[in-house]
Amino acid sequence: MACLDRRDLGLLVLRVGTGAVLAAHGTQKLAGWFGGGGIEGTTAAMEAMGFHPPKHSAVAAGLGEAGGGALLALGLATPAAGAAAAGAMAGAVAVHAPAGFFAQGGGYEYPAFLGFTAAAIGLIGPGRYSVDHVTRHVFNQPWMVALAFAGSAAAAAAVVGRRAKGRAVVDPDAT
């Protein structure tokens, strides 16, 4: 097997694995699948975590994870998929950051890993074993990488910043 074939196969495994985890996590939020709270439970959780408006935040997080994950798994619109998933994980990192890094203490290790992995796939591209490759990369253009990641970074910064300001008003000692 040629080196290029192994790289494409590796990207396929990484895309499908990461995308499936993200999609499953997002469908917990949106539909209540896999023991999740669905949109109602996620809305209540978002409100408790300080995200406003909570229902919009729940839908955005669920779509970023489920939609971004499904698109990553397919290798379709890979830059937008990676950016959307990474942006959603930035919000999760903000929630878990006060507990430190490691997941066993409630830290941000796991969402950070998913976010960095999704971002890397979005930047590197989907490989040959993808829908993007079949469609001749119509949704995987260099300008889309810049636009998707700039938009996702701006949205994540706005949402996380608004949450931090809201939490500071409610509890001046909150981070």
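**Exercise 1. State the accessible surface of the protein and the part of it that belongs to carbon and sulfur atoms.**

Step 1. Areas come from the Shrake-Rupley method with a 1.4 Å probe. The accessible surface comes to about 9200 Å².
Step 2. Carbon and sulfur atoms hold 71% of that surface.
Step 3. Note the source: this is a predicted model, in which local features need pLDDT of at least 70, side-chain atom pairs count only at pLDDT 80 or more, and totals for chains, interfaces and linings use all residues. Residues are numbered from 1 along each chain as its sequence is written, and side-chain values use heavy atoms, with hydrogens and water left out.

**Exercise 2. Classify the ring pair of phenylalanine 101 and tyrosine 108.**

Step 1. Rings of Phe, Tyr and Trp (its six-membered ring) pair if their centres lie within 6.5 Å; planes under 30 degrees apart count as stacked, over 60 as edge-to-face and the rest as tilted. The whole structure holds three aromatic pairs.
Step 2. The centres of these two rings are 5.3 Å apart and the planes stand at 85 degrees, so the pair is edge-to-face.
Step 3. Buried means under 20% relative accessible area, exposed over 50%, and partly exposed in between (1.4 Å probe, protein chains only). Phenylalanine 101, at 39%, is partly exposed, and tyrosine 108, at 27%, is partly exposed.
Step 4. Phe101 and Tyr108 form one aromatic cluster together with Phe102.

**Exercise 3. Locate glycine 107 and list its contacts beyond four places in sequence.**

Step 1. Glycine 107 lies in the loop between helix 4 (78–96) and helix 5 (109–124).
Step 2. Its relative accessibility is 6%, so glycine 107 counts as buried.
Step 3. Contact means heavy atoms within 4.5 Å. Apart from neighbours within four places, glycine 107 touches His96, Ala99, Gly100, Phe101 and Phe102.
Step 4. From histidine 96, glycine 107 is eleven residues away in sequence and 4.9 Å away in space, C-alpha to C-alpha.

Note on methods:
Helices (H or I, at least four residues) and strands (E, at least two) are DSSP runs, numbered from the N terminus.
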